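Subject: Structure for you to look at, with notes

Dear colleague,

Please read them with the coordinates open beside you.

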Amino acid sequence: MEQAVPQTFDRVLSSMCTRPHPVARAAAERFLATNPGDPETYRAVADLETEVVETLGELTGLDQPRGYVASGGTEANIQAVRAARNRASTDDPNVVAPSSVHFSFQKAAEVLGVDLRIAPVGSDRRADPEAMASLVDDDTALVVGVAGTTEYGRVDPIPELADLAAEADALCHVDAAWGGFALPFTDHEWHFGHAAVDTMTIDPHKMGQAVVPAGGLLARDAATMDALAVETPYLESTSQATLTGTRSGAGVASAAAALDELWPDGYRENYERAQANAEWVADALADRGFDVVDPVLPLVAVDLPDSLFAAVQDRDWRLARTARGELRLVCMPHVTRDTLSAFLRDLDACRDEI
Ligand SMILES: *Cc1c(COP(=O)(O)O)cnc(C)c1O
């Protein structure tokens with residue numbers, strides 16, 4: 001049988017994952033046969049996980065960070081909801097989030113039996129604290145904000161959402177799964193140092209250039225991790241706070257290697273290049289007369305006619321849409337100015353044909 005080959009990244013404009021950094025790839029290979037779910041047996045990778053959590057704490061303004069490398073943002077978000085539910089003193093907990101929240105919260109709500117209350121976002125596509133406040137009550141266990149929304153790259157007013165959570169005696173979670181590796185180089189207020197945030201999702205396998213799977217869950221308090229821990233009778237370690245049991249040492253080691261190599265200067269360069277590319281392609285699309293949602297972070301949404309979207313897709317571009325149907329261009333590290341120029345050339349040619 002011929003060996004299967006994956007896609008190249010040359011025409012991928014749809015993904016929040018990217019080509020891993022070479023050091024991350026090499027570390028993943030070295031640590032393929034390790035299981036950080038069993039830290040007493042696999043001590044080297046357990047040490048690397050501690051390093052990752054430390055560095056993620058630095059990135060997110062958190063002294064003495066707790067947390068772990070999850071399978072992705074989905075697991076980290078489920079775990080944040082689980083911790084809040086387990087810590088809440090109600091039988092009927094609810095989670096309040098903006099409509100821009102990632103669909104993983106629907107999974108969390110279903111799995112955990114909590115009520116997910118969704119508030120409309122404002123005209124700026126960010127969470128509206130007043131609309132969210134009207135959904136908060138005595139049974140609210142968690143208030144969620146997104147720092148870098150999946151569809152438009154918007155950053156919610158995290159300090160206001162943290163205040164709202166505090167007033168309701170609920171926890172505050174920030175989902176920075178995608179934005180977390182860009183936001184340190186911006187003026188946004190989004191992290192543990194800016195507000196009374198309790199937990200955060202931040203994924204090394206997206207902008208962090210680690211291999212998949214490497215998500216991140218961070219927590220301010222030990223009590224949050226305690227709320228997740230179960231006893232582990234057959235392992236040497238006595239408790240486990242992760243959702244998965246056996247998990248990828250490759251993800252952990254690659255995250256450690258990528259962070260060691262890229263934080264902070266490499267990530268700053270990635271962000272600045274990506275942001276400049278996003279602004280450049282947004283201008284180029286606006287010049288062509290399309291409706292463009294300006295990129296707050298390196299993500300551009302643009303309204304294209306369906307026929308044009310389909311024609312460009314037929315030229316082998318990997319494209320994604322927002323729920324409203326706009327084309328979503330995610331300017332990940334593999335998306336260069338040349339890639340975007342080639343995309344625009346194809347777009348122009350398709351438009352001429354149509
Ligand atoms: C990608 C993303 C997730 C989900 O992360 P996975 O690693 O795909 O599970 C959650 N939240 C946000 C904001 C995301 O962009």
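P213 lies in the loop that runs between β6 (199-201) and β7 (215-219), and the peptide bond that joins V212 to P213 is cis, with an omega of about 5°. Please keep in mind throughout that this is a predicted model.

A glycine with a positive phi is G289, which comes just after α9 and takes a value of about 95°.

The helix α9 itself has 23 residues, which at 1.5 Å a residue should span 33 Å, and because its end C-alpha atoms are 33 Å apart, the model agrees with that expectation. Its buried residues are G266, Y267, N270, Y271, A274, Q275, N277, A278, V281, A282, A284 and L285. An α-helix has 3.6 residues a turn, so residues three or four places apart point the same way. The elements against which the buried residues of α9 pack are α8, β10 (291-293), β11 (299-303), β13 and α11.

That brings me to α11, which covers residues 337-353, has 17 residues and reaches 24 Å from its first C-alpha to its last, close to the 24 Å expected at 1.5 Å a residue. Within α11, the residues T339, L340, A342, F343, L344, D346, L347 and C350 are buried, and what covers them includes α9, α10 and β13 (327-330).

How do α10 and α11 lie relative to each other, and which residues make the contact between them? Two packed helices are described by the angle between their axes and the distance between the axes. In this pair, the axes of α10 and α11 come within 9 Å and cross at roughly 125°, and the two helices are therefore oblique to each other. The contact is made by L308, A311 and V312 on the side of α10, and by F343, L347, C350 and R351 on the side of α11. The crossing in which α10 passes α11 is right-handed.

The other helix pair in my notes is α2 (residues 43-59) with α8, which pack at an angle of about 45° with their axes 9 Å apart; that angle makes α2 oblique to α8. From α2 the contact involves V45, L48, E49, V52, T55, L56 and L59, and from α8 it involves G249, V252, A253, A255, A256 and L259. Here α2 passes α8 in a left-handed crossing.

Finally, there are two individual residues that I would like you to examine. N94 is found in strand β2 (residues 94-98) and, at 0% relative accessibility, counts as buried. A polar contact of 2.9 Å joins the side chain of N94 to that of D137. If residues up to four places away in sequence are not counted, N94 touches D115, R117, D137, D139, T140, A141 and L142.

V136 is found in the loop between α5 (129-133) and β4 (140-146). Is V136 buried or exposed? Its relative accessibility is 18%, and because buried means under 20%, V136 counts as buried. Leaving aside its neighbours within four places in sequence, V136 is in contact with V96, V143, L164 and A168. With A168, 32 residues apart from V136 along the chain, the separation between C-alpha atoms is 7.2 Å.

Note on methods: Residues are numbered from 1 along each chain as its sequence is written. This is a predicted model: local features need pLDDT of at least 70, side-chain atom pairs count only at pLDDT 80 or more; totals for chains, interfaces and linings use all residues. Side-chain values use heavy atoms; hydrogens and water are left out. Helices (H or I, at least four residues) and strands (E, at least two) are DSSP runs, numbered from the N terminus. The expected span of a helix is 1.5 Å times one less than its number of residues. Buried means under 20% relative accessible area, exposed over 50%, partly exposed in between (1.4 Å probe, protein chains only). Contact means heavy atoms within 4.5 Å. A polar contact is a pair of N or O atoms within 3.5 Å; within protein, one must be able to donate a hydrogen and the other to accept it, and residues adjacent in sequence count only if both atoms are side-chain atoms. Axes are lines fitted to C-alpha atoms, for helices over the stretch in contact, and angles run from 0 to 180 degrees between N-to-C directions. Angles under 35 degrees count as roughly parallel, over 145 as roughly antiparallel, 65 to 115 as roughly perpendicular and the rest as oblique. A crossing is left-handed if the near helix is turned anticlockwise from the far one by less than a right angle, and right-handed if clockwise.
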